[in-house]
Amino acid sequence: MLTVTAAAQSSFSLFGVVTDVNEEALSGATIIIHPLQKGTSTNELGEFQFTKLPKGLYSVTVSYVGFNSVEDSVFIDRDTEYNIQLEPTELLLEEVLVSYNLAEEAKREQTLNVEVVNEQFLKENLGGSLMKSLDRLPGVSTIDIGSGHSKPVIRGLGFNRVVVVENGIKHEGQQWGADHGLEIDQYAIDHLEVIKGPASLQYGSDAIAGVVHVQQNKVPEKYSLTGRADLTGKTNNNLIGASFLIEGRKDWLYGKLQTTILDYGDYRVPTDSVDIYSFRAPLSNQLLRNTAGYDRNFHLGLGILKSGFHSKFYVSSINSKSGFFANAHGLEPRNVNTDLHDASSRDNYYPYQKVNHTKVINTSSWVTGDLRLTSNLGFQHNLREEHSEYVSHGFMPPMFPDTMSFDSDLERGFEKYIYSGNLEAEYDLSGNTSITGGLNSEFQNNKIDGFGFIIPAFKQFTMGAFAIAKRSVSERSILQFGLRFDHGNISIKEYYDWFQSPVNDEGTETEYLLRAQALDRNFSNFSWSLGYNINPDHWLIKMNVGKSFRMPIAKELAANGVNYHHFSYEVGDPDLSAEESYQLDAGLEYSRDKFTVGVTPFLNYFPNYIYLNPTPEHDRLYGNGNQVYEYTQSEVFRYGGEIHSHFQVTQNWQLGFMGEYVYSKQLSGIKKGFTLPFSPPASALLNMKFVQPAFRSLQNLYASIDLKLVASQTNIVPPEEPTDGYTSVNLGLGGEIPFGKQAISVTMQIQNVLNEKYFNHTSYYRLINVPEPGRNFVLNITIPFKSEL
């Protein structure tokens, strides 16, 4: 629908609303106008606006994931209202290639490579954790900690080199630990983006490898009350779970309430024993003893939506308890009471971890004329406790003293308070140029407790400022440049042992040993990025070059203790410099109506990469001679990339292919010539999917098969071991069952169909030869409801 308003002026506005066939607003739809190559997205009400447009004839492209794109011509000689209605596409979104859907015009404005994920993708690929559900995306893998926890790896880099953002605020937990999962509820996600490549420009330190941006930005319809119940079951670890959501809106005020409850038992692996170095640990019924646990999550949201103003408040509490594999913790994997652990597959005994992560976030935006302001304020409280039976290590007293301030079974406790604030302004200078500037700040206060020590207490403050300019230099090309400055301070508190140790060979003199010295370090750095996109006809070509950086974390600067999970003693270096990274990213994609193929290569250079290096030394004070690992820096060169293709064979049959490869080499230091730890092997995924929009009373039916081929990984860093390649098969099936005016969604998976025994090279348990979970049947049922207020 086209409406015009006469006015005597030299520049004009184009505005309107994007809806579906039911006249429901489509939030996040993309509108691009040519020849200015200027784009925007609809807000929560489906509204969009362009300003300062010269008189002339324009081509308008409107797109939204899962809907047919619309291309139209509009002549503008006055302020013009342009409303668009999109129809659902007959081609169901091939979720394995979610970021390469032909309707996804938004990525044409991105100079970095971006993957986009929606709720349906997560349901069809439901894993034990959010990141496990995402590891089918090209260039994305995980470090798995059992069946319920994992952390992201992007192009072979993880830990504090990947930033996770939730509702505009950087998620901060204890992500330095390989056994520390991500405290995010995957049932409470509306939309998610994975940015591959250095994103320090907008997100600051730690975004060297990329960003996982989690969003809950869905706004209910006016005067509506809606909700859903997600019911989940899994056979491998006998998981039973449910997530309940209710949300409503009364004119300008809306809110939501959601809770998730999961309970699971020990998970099953396709082997009867596990070789832990020189000891073979037998398994009862192929169950990895003591890996059971639960999740209890709560979410509350409240929003205010007025003309030109939108403010959202989020409160969440993520709570979990999960056991560590009993034979893989501590100094004596042999000394495990197997009768106790194997009596039930759902019990938790020592060792186990309890985690609570609380967030309070406010996101507000103001739009006036050509200016858009956005603010993010956040508070987080992360409490992690690792419990195990008290055992005297080294010179610890044989019996736990009753005078200590912590419980005898608290091995390690970490409590972190995080305060965050962001401010961003976007200004449209002209019809083809825009500038975005922003400020980010964060303060962390991390406390420690327990009888075991690995990192000291610390306080950390960071602040950064950035500016990004984007210009459409031609009808189909965009140039973007950005600059950022960051400053950070970390103040580490000294730590002494709570017990005395001998300081002479005779053992006649003892004292409380200093494990971490007081340290105060400042780091400052400039980051920059230059990107160019050009989109001739059916091609998408992009290139981005940039510099990013990362502050050393407390563990890298001041660790001095036993890692009981890796049977190692880790030592930090207080003199480490800030890590810097230079990277070149490129993208080349060709698309036709039924066919898409593309490649996304990258080159990456670190002059001072920080890593944990094994030494020939062994600890004598805190255990049975654990090998000493020291943090150090070296020059590193990396390259690799991803390839993808998608072919619509017929109206019902789709074929997909993805491949990824990463190569790393240290160019200096003690490990010159070696790769980097946790380097993922080359892999490929072949997918075939059958879709049927309707069959009798059923809707949106699909059936799919994935064949994953993973190469062997022989390019390793000791004490890593070579990992054989493997082939795995997964099946998927789903559809919708009409239920009144709603539809019940059913998705089913069979993971590891052939129950193959294989090892994941990036798994946390790979060092002790624990294979990946065996065959797993997954069922998820979504029951929605809707009424009017």
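**Figure 1. Polar contacts across the interface of domain 1 and domain 2 in the predicted model.** Across this interface, 3 residue pairs are found in polar contact, with both residues of each pair at pLDDT 80 or more. On the side of domain 1 that touches domain 2, at least two residues come from each of β3 (30–34), β4 (38–41), β5 (47–54) and β6 (56–63). Of these strands, β3 gives the most to that side, namely 3 residues. By residue class, the side of domain 1 that touches domain 2 comprises 7 nonpolar, 8 polar and 4 charged residues.

**Figure 2. The salt bridge between K52 and D370.** The count of salt bridges between domain 1 and domain 2 is 1. In the pair formed by K52 and D370, the closest N and O atoms lie 3.2 Å apart.

**Figure 3. Contact surface of domain 1 and domain 2.** Domain 1 contributes 19 residues to the contact, and these meet 28 residues of domain 2. About 1,900 Å² of area is buried between the two domains. Carbon and sulfur atoms give 48% of this buried area.

Definitions and conventions
Residues numbered from 1 in each chain as written. Predicted model: local features only at pLDDT ≥ 70, side-chain atom pairs only at ≥ 80, totals over all residues. Heavy atoms only, no water. Contact = heavy atoms within 4.5 Å. Buried area = accessible area lost by both parts, 1.4 Å probe. Salt bridge = Lys/Arg side-chain N within 4 Å of Asp/Glu carboxyl O. Polar contact = N/O pair within 3.5 Å; in protein donor to acceptor, adjacent residues only side chain to side chain. Helix = DSSP H or I, 4+ residues; strand = E, 2+ residues; numbered from the N terminus. Nonpolar A, V, L, I, M, F, W, Y, C, P; charged D, E, K, R; others polar.
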